[in-house]
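Visitor: Could you walk me through this one? Please keep it quick.

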Amino acid sequence: MLKYLPEEFHCDDQVVYFYLPDGAANAKLSNNFFEKKLKINATGRNVNTVKKMLDLLAASKN
């Protein structure tokens, strides 16, 4: 098992969630890290962006 404390990650079917308590700027876990390990192309969104996207989606349904 890979350990990069205090950073953490969790994988689902097609999603990797990672928690970076000290910020993304100097994090060991990053999109590049997961792209190399999993041999995939990845894109990332922080929680604020996801919330904004959900708000826009909800507004478009009204």
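Guide: We will go from the overall fold to single residues.
Guide: This is a predicted model: local features need pLDDT of at least 70, side-chain atom pairs count only at pLDDT 80 or more, and totals for chains, interfaces and linings use all residues. Residues are numbered from 1 along each chain as its sequence is written, and side-chain values use heavy atoms, with hydrogens and water left out.

Visitor: What helices and strands does the protein chain have?
Guide: Two helices and two strands. Along the sequence the pattern reads β-β-α-α. Both kinds are DSSP runs, numbered from the N terminus: helices are H or I with at least four residues, strands are E with at least two.

Visitor: What radius of gyration does the protein chain have, against a compact globule of 62 residues?
Guide: The protein chain has 14 Å, while such a globule would be near 11 Å. The radius is taken over C-alpha atoms, and the globule rule is 2.2 Å times the number of residues to the power 0.38. The C-alpha atoms fill a box of roughly 45 × 25 × 15 Å along the principal axes.

Visitor: How many of the 62 residues are buried, as a percentage?
Guide: Buried residues make up 10%. Buried means under 20% relative accessible area, exposed over 50%, and partly exposed in between, with a 1.4 Å probe and protein chains only.

Visitor: Which residues make up the largest nonpolar core?
Guide: Five residues: Leu20, Ala27, Leu29, Phe33 and Phe34. Such a core is a set of buried Ala, Val, Leu, Ile, Met, Phe, Trp, Tyr and Cys residues joined through side-chain atoms within 4.5 Å.

Visitor: And what does leucine 20 touch?
Guide: Glu7, Ala27 and Leu29, leaving out residues up to four places away in sequence. A contact means heavy atoms within 4.5 Å.

Visitor: New topic, the backbone. Which peptide bond is cis?
Guide: The one from leucine 5 to proline 6 is cis, with omega near 10°. Proline 6 sits in the segment before β1 (8-11).

Visitor: What about the phi of lysine 39?
Guide: Lysine 39 is not a glycine, yet its phi is positive, about 55°. Most residues other than glycine have a negative phi, and most peptide bonds are trans.

Visitor: Where is lysine 39, and is it buried or exposed?
Guide: Lysine 39 lies in the loop between α1 (31-38) and α2 (47-60). It counts as exposed because its relative accessibility is 75%.

Visitor: Where is glycine 23?
Guide: In the loop between β2 (16-19) and α1. Glycine 23 has 31% relative accessibility, so it counts as partly exposed. From glycine 23 to threonine 49 is 26 residues in sequence and 15 Å in space, C-alpha to C-alpha.

Visitor: Last one: where is aspartate 12?
Guide: Aspartate 12 is in the loop between β1 and β2. At 42% relative accessibility, aspartate 12 is partly exposed. Its C-alpha atom is separated by 20 Å from that of leucine 54, 42 residues apart along the chain.
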